[in-house]
Amino acid sequence: MTLTVQTDPGSGAPAGDAPQTDDATAPRRPSLSPSRAADFKTCPLLYRFRTIDRLPERKSLAAVRGTLVHSVLERLYDLPAAQRTVEAAQELLEPAWAELRVEPGVAELFAVAQEDGAETSPSAPESVEAWLLSAGKLVEKYFTLEDPTRIQPHGREELVEVTLPDGLRLRGFVDRLDVAPNGALRVVDYKTGAVPREAFEGKALFQMKFYALVLWRTRGVVAAQLKLLYLKDGDALTYAPDEDELLRFERTLIAIWAAIERAVATGDFRPNKSRLCDWCDHQAVCPAWGGTPPPFPVKAAAAAGWPTLPIVEVG
Ligand code: SF4
């Protein structure tokens with residue numbers, strides 16, 4: 001298994017968002033994931049920088065910790081049910097970390113954090129050991145929310161994807177999918193940050209509704225429960241969508257995609273200055289912060305399968 005750092009504000013572009021193909025010979029086709037849809041809603045220019053320009057972004061200690069904890073919880077379910085104990089989960093940290101620390105940019109992250117004394121906050125851990133301990137605490141907290149000896153997941157880190165009748169391709173990775181004997185679906189997502197304030201709760205639900213829509217369109221079953229597990233606070237948020245809501249949500253995604261296509265066709269990706277800019281790696285090339293974006297990468301966009309591209313004058 002290859003570990004890839006998960007996406008959060010400020011982390012790198014994730015798998016599932018880049019244009020993908022089902023096989024090597026199929027024409028490339030852009031797709032939409034929950035995080036990239038959220039990017040466009042937050043700031044169209046951020047979407048462009050991440051998805052089309054694919055500008056590099058710094059990893060963050062928080063994002064790498066999230067990847068590590070997700071990996072441990074995924075591996076936990078490889079063990080026979082009776083062996084899924086807190087101790088066994090803690091023992092999974094080391095091998096998962098051994099894989100993750102060789103990823104580009106991860107070792108450097110600790111060098112910077114230790115040099116600076118902290119990454120972004122004075123309370124940030126300063127050593128790998130302290131950081132690993134903080135990951136271990138999140139793993140331990142998981143056991144206060146669920147009893148893994150009583151759960152047999154149907155899927156873990158499961159790719160879910162569908163192409164809607166109008167051609168929009170949706171794809172994403174579900175942390176865990178449970179299927180009850182009666183066929184009822186439960187979608188579970190692990191969050192390693194704190195429970196969001198109300199304003200940000202919508203973003204987490206947006207992601208879960210996205211998965212529920214794809215599952216509904218591929219399996220014909222509306223998920224009985226969408227469950228977000230907040231490991232930092234030891235809290236859970238559950239939600240039961242219905243068909244009407246998923247239909248409305250589908251229309252929302254189609255509208256977002258139409259807006260993205262318009263922006264690609266015109267090259268007009270507007271910046272949307274907000275307090276989320278504090279976590280954006282691209283202020284230096286953002287007009288909202290006095291910067292100049294690089295020229296629209298026409299060739300990269302064409303190679304990624306965008307059918308209509310802005311006319312760029314070459315002087
Ligand atoms: S700095 Fe703010 S406005 Fe500029 S691209 Fe980033 S999120 Fe958008």
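**Exercise 1. Sort the residues of the shell around the ligand by class.**

*Solution.* The shell divides into ten nonpolar residues, three polar ones and one charged one. Keep in mind that this is a predicted model. Next, see who belongs to the shell: 14 residues surround the ligand. The closest are C43, P271, C277, C280 and C286.

**Exercise 2. Describe how helices α3 and α6 pack against each other.**

*Solution.* Let's start with a general idea: two packed helices are described by the angle between their axes and the distance between the axes. Helix α3 covers residues 61–76, and helix α6 covers residues 128–145. Their axes come within 10 Å and cross at roughly 45°. An angle between 35 and 65 degrees counts as oblique, so α3 and α6 are oblique to each other. The crossing of α3 and α6 is right-handed.

Now look at the residues that meet.

**Exercise 3. Find where R54 and E157 sit, and decide whether each is buried, exposed or partly exposed.**

*Solution.* Take R54 to begin with. R54 lies in the loop between α2 (44–52) and α3, and its phi is near 50°, a positive value in a residue other than glycine. Because R54 has 16 C-beta neighbours inside 10 Å, it counts as partly exposed.

Then turn to E157, which is found in strand β1 (residues 155–163). Phi of E157 is near 45°, a positive value too. With 15 C-beta neighbours inside 10 Å, E157 therefore counts as partly exposed.

For background, most residues other than glycine have a negative phi.

Methods: Residues are numbered from 1 along each chain as its sequence is written. This is a predicted model: local features need pLDDT of at least 70, side-chain atom pairs count only at pLDDT 80 or more; totals for chains, interfaces and linings use all residues. A residue is near a molecule or strand if its C-beta atom, placed from the backbone, lies within 6 Å of it. Ala, Val, Leu, Ile, Met, Phe, Trp, Tyr, Cys and Pro count as nonpolar, Asp, Glu, Lys and Arg as charged, and the others, Gly among them, as polar. Axes are lines fitted to C-alpha atoms, for helices over the stretch in contact, and angles run from 0 to 180 degrees between N-to-C directions. Helices (H or I, at least four residues) and strands (E, at least two) are DSSP runs, numbered from the N terminus. Angles under 35 degrees count as roughly parallel, over 145 as roughly antiparallel, 65 to 115 as roughly perpendicular and the rest as oblique. A crossing is left-handed if the near helix is turned anticlockwise from the far one by less than a right angle, and right-handed if clockwise. A residue is buried if 20 or more other C-beta atoms lie within 10 Å of its own, exposed if 12 or fewer, and partly exposed in between; C-beta atoms are placed from the backbone.
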